[in-house]
Amino acid sequence: MTSRKVFTNWGLTWGGLLDNRKGEWWLIAQISLIIGHLIPSWPKDLLNLHWLNIIIETLGLIIILYGIYLATNSLLSLGDSLSPLPSPKEGSKLITNNQYKYCRHPIYKSILIISTGVVFTTVSILHLTLLLSLCIVLKGKARREERLLKNRYPEYINYMKKTNAIISKISYLNWKD
């Protein structure tokens, strides 16, 4: 399958990039913030204790690896229903098993976990700001997605009531309506 076919299969179009018909702007914001994590840490050497940096950076790498593991499982669980857009793909089915049994948006959760790991490895105010911005963008993207999922799948409303949104312990990222 060509890369062009993959993008069109996901529902990406030039028109959508211009008018946001399937939530393309949420995806652009998300990708921009993720790419922002490649920027070097700022301020540099916020913590200047070598032994503490080693512990924090190691913890950050463990967090990143867990996030990658969670993302991989979540992506595989979606199969043909996978789309980077907040609009469900035509002909997709509702997935509520595997990682989706515990969290309605485990890919978003994994992105936030990986971003948290980056904050630990960089000890950077810039990267903390990117993480907090990702929380805002992913919640907005998830809310748009859920409006569409409720319309397409009537059983989604019950699924919402019993399953955490993104992160259960953070009320901003765990809504039930």
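Modeller: The buried residues of α5 pack against α3 (24-36), α4 (50-78) and α6 (125-152); contact means heavy atoms within 4.5 Å, and buried means under 20% relative accessible area, with exposed over 50% and partly exposed in between (1.4 Å probe, protein chains only). This is a predicted model, in which local features need pLDDT of at least 70 and side-chain atom pairs count only at pLDDT 80 or more, while totals for chains, interfaces and linings use all residues. Residues are numbered from 1 along each chain as its sequence is written, and side-chain values use heavy atoms, with hydrogens and water left out.

The buried residues of α5 are Pro106, Ile107, Tyr108, Ser110, Ile111, Leu112, Ile113, Ser115, Gly117, Val118 and Val119. Helix α5 itself covers residues 106-122, 17 residues in number, and reaches 24 Å from its first C-alpha to its last, close to the 24 Å expected at 1.5 Å a residue; the expected span is 1.5 Å times one less than the number of residues. Val123 follows α5 and has a positive phi, near 45°.

Leu112 also belongs to the largest nonpolar core, which has 26 residues; Tyr100, Leu112, Leu134, Leu138, Tyr156, Ile166 and Trp175 touch the most other members. Such a core is a set of buried Ala, Val, Leu, Ile, Met, Phe, Trp, Tyr and Cys residues joined through side-chain atoms within 4.5 Å. At least two residues of this core come from each of α5, α6 and α7 (156-162), and α6 gives the most, with eight residues. Leaving aside residues up to four places away in sequence, Leu138 touches Gln30, Tyr108, Ile111, Leu112 and Ile166.

As for the whole chain, its secondary structure comes to seven helices and zero strands; helices (H or I, at least four residues) and strands (E, at least two) are DSSP runs, numbered from the N terminus. Buried residues make up 42% of the 177 residues. Among contacts between residues at least 6 apart in sequence, 72% join residues at least 24 apart. The chain exposes about 10500 Å², of which carbon and sulfur atoms supply 65%; accessible areas come from the Shrake-Rupley method with a 1.4 Å probe, and for residues only the protein chains shown count as cover.
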